[in-house]
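Please look through the sequence and the structure shown here before reading on.

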Amino acid sequence: MRFALRFLAIFTIMVSAFPAWAELRVDITQGRVEPMPLAIVEFDGETAEAAQIGAQIAQVVSADLERSGLFRPIDPKAFIQKELSMKTLPRFGDWRILNAQALVQGFAVPQGNGQLAIQFRLWDVFAEQQMVGLAYNTVADNWRRVAHIIADTIYQRITGESGYFDTRIVYVAENGPANRRVKRLAIMDQDGANHKFLTDGQDMVLTPRFSPTLQEITYLSYYRNTPRVYLFNIDTGRQAVLGDFPGMTFAPRFSFDGTKVIMSMAKDGNSDIYTMDLATRQTKRLTSHSAIDTSPSYSPDGTQVAFNSDRGGAQQIYVMDSNGKNVRRISFGKGRYATPVWSPRGDLIAFTKMLSGKFYIGVMRTDGSGERLLADGYLVESPTWSPNGRVLSFFRETLRGEEKTTKIYTVDLTGYNERELITPLEGSDPAWSPLIP
C-alpha cells in the first residue's frame, strides 16, 4: 500500500557570515571514492512514541547511506554533542573534531489521527551552513518510507545524482529440492524490509519485470505447461493474462513509457524479437533472422533496442533501431554475452558474460566500448538497474559440493561495493522499481 506524503515547509535559517568553503560534494563519476564521514543523530520526538519512531528513522537513513558505499556514518558513541535542538545551531566544532563533514538531525511531532510531522536538516559542518531543511506529513506507520525519502534527499544533495532508496525490488523466491522447486513472486523494499509474497507457489513464476508506472509487474508463468505472461497490479493484487506464448522463455520488458512490451518468441522453430502494444494487444515483428535473437531491452528514449543473438556465430550483444532496422554488433570481447539491459540514464548497457566456465556481470557503453566486469561467480545472472543508473542488482548461484544456493546481491558501478540482499528464502531474477511516486 502506498501512502501520500506532503511537504510541510522548507526551513530557512540565516546564519552569520562564515568563511567561504568549497561546496560539500561527493563526485560519483570518478570511479571508486573514499566514503564521506557524516553524523546522523537520533531524531528527537515531542512524545516518547514519536522519539522512538525518530530513532528508527535515523537508523534506516544511516543504513541506506552506508550501504551505498559513498558515506561512512560515524558511531553515535563517539558523539560529543549528544542532544541537538531544531531551534538552535549545532556546536559545529564538536562535529569537526570527529571529522564529520555532514550532520543530519531531525524531529518528529504527532499531529493527531495517526499523523506525524517529520522534520530534518542536513548541515555542512565545515561551512557551518544548512544544506537542506524539509518536513513531511504522513501516517505514523509510514515512517520507514519517510526515512528512505530523507536518505534520497541527502544522497542527491551531496552527490548531485538522484537517489534510489525509496524503491522496491520484485524477485522470484525459491525453496525446495531441485526436482520440486517452488518459485513464488515476492516484493520488498530495496533494503529487504516490508517483504511480501505475491503468488502462492502453485504455478512456477519466472523473470518478473517492473512497469515504469510502478503499479504493474509482468512475469512469466507456466499454465498447463504452456508459458503464459501475466500483468500483476501491485496496488490491487489483481492479475490479467497478457497472452499465451508457447515459444517464450523470458517475460517481456516494458518500454520506458509503459505503452509497449518487447519480447523474444520462437515461431516455426526460429526465435525473433517482437513488440506488443498494451492498448491494442497487437504484436509487431522486429527481427527476421535464422539466428536466435533474445533478451531485448529498450533504450530510455525508446529509439533503440539492445538484444543478444548468435547471428555472428557466437552469442553477442547487438543494437538496432526500434523499428528493427540498422542492426549492429557492439560486443567484441572474448566469451559469450547475454541479457543486455539498458541503463535508465541511457549511457550504459549491463550484461551477463560467460567466459572459461565462469559467469560475470558487466557494463559497457552503448557503442560497446569501455567494457567493465563488476561481479563474477559460478553463476551470476539477471542484471537489473536502480532507477538512478548507479547500482545493479543480480542473483548469484553458489555451488558447494552437491548443494546449490541462490541469493540476490547489489553492486555499484565501481564493482567494489557488493552487498548481499537478505531475503527469507533463496532468491533469483530481481527487478528494480522506479522511485515510488
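Ser-211 counts as buried because its relative accessibility is 2%, where buried means under 20% relative accessible area, exposed means over 50%, and partly exposed lies in between (1.4 Å probe, protein chains only). Ser-211 sits in the loop that joins strand S11 (205–210) to strand S12 (216–223), with helices (H or I, at least four residues) and strands (E, at least two) taken as DSSP runs numbered from the N terminus. Not counting residues up to four places away in sequence, Ser-211 touches Glu-216, Phe-254 and Pro-434, a contact being heavy atoms within 4.5 Å.

This is a predicted model, in which local features need pLDDT of at least 70 and side-chain atom pairs count only at pLDDT 80 or more, while totals for chains, interfaces and linings use all residues. Residues are numbered from 1 along each chain as its sequence is written, and side-chain values use heavy atoms, with hydrogens and water left out.

The largest nonpolar core has 48 residues, and those with the most contacts inside it are Leu-65, Phe-120, Ile-150 and Ile-158. Such a core is a set of buried Ala, Val, Leu, Ile, Met, Phe, Trp, Tyr and Cys residues joined through side-chain atoms within 4.5 Å. Helix H3 (residues 143–159) gives the most to this core, with nine residues. Leaving aside neighbours within four places in sequence, Ile-150 is in contact with residues including Phe-43, Ile-57 and Tyr-136.

An open sheet of four strands runs in the order S27-S28-S29-S30 with antiparallel pairing, where two strands pair if DSSP finds at least two bridges between them. Strand S27 (379–385) and strand S30 (418–421) stand at the edges with a single partner strand each, so one side of each is left without a neighbour in the sheet. S27 and strand S28 (residues 391–400) pair over five bridges, and the bridge partner of Glu-381 in S28 is Phe-395.

The count comes to 20 salt bridges, each being a side-chain nitrogen of Lys or Arg within 4 Å of a carboxyl oxygen of Asp or Glu. The table gives some of them.

| Salt bridge | Closest N to O |
|---|---|
| Arg-345 with Glu-161 | 2.6 Å |
| Lys-353 with Glu-371 | 2.8 Å |

Lys-353 lies in strand S24 and Glu-371 in the loop between strand S25 (358–365) and strand S26 (372–377), so this pair ties together parts that are 18 residues apart in sequence. Lys-353 is buried at 5% relative accessibility, whereas Glu-371 is partly exposed at 30%.
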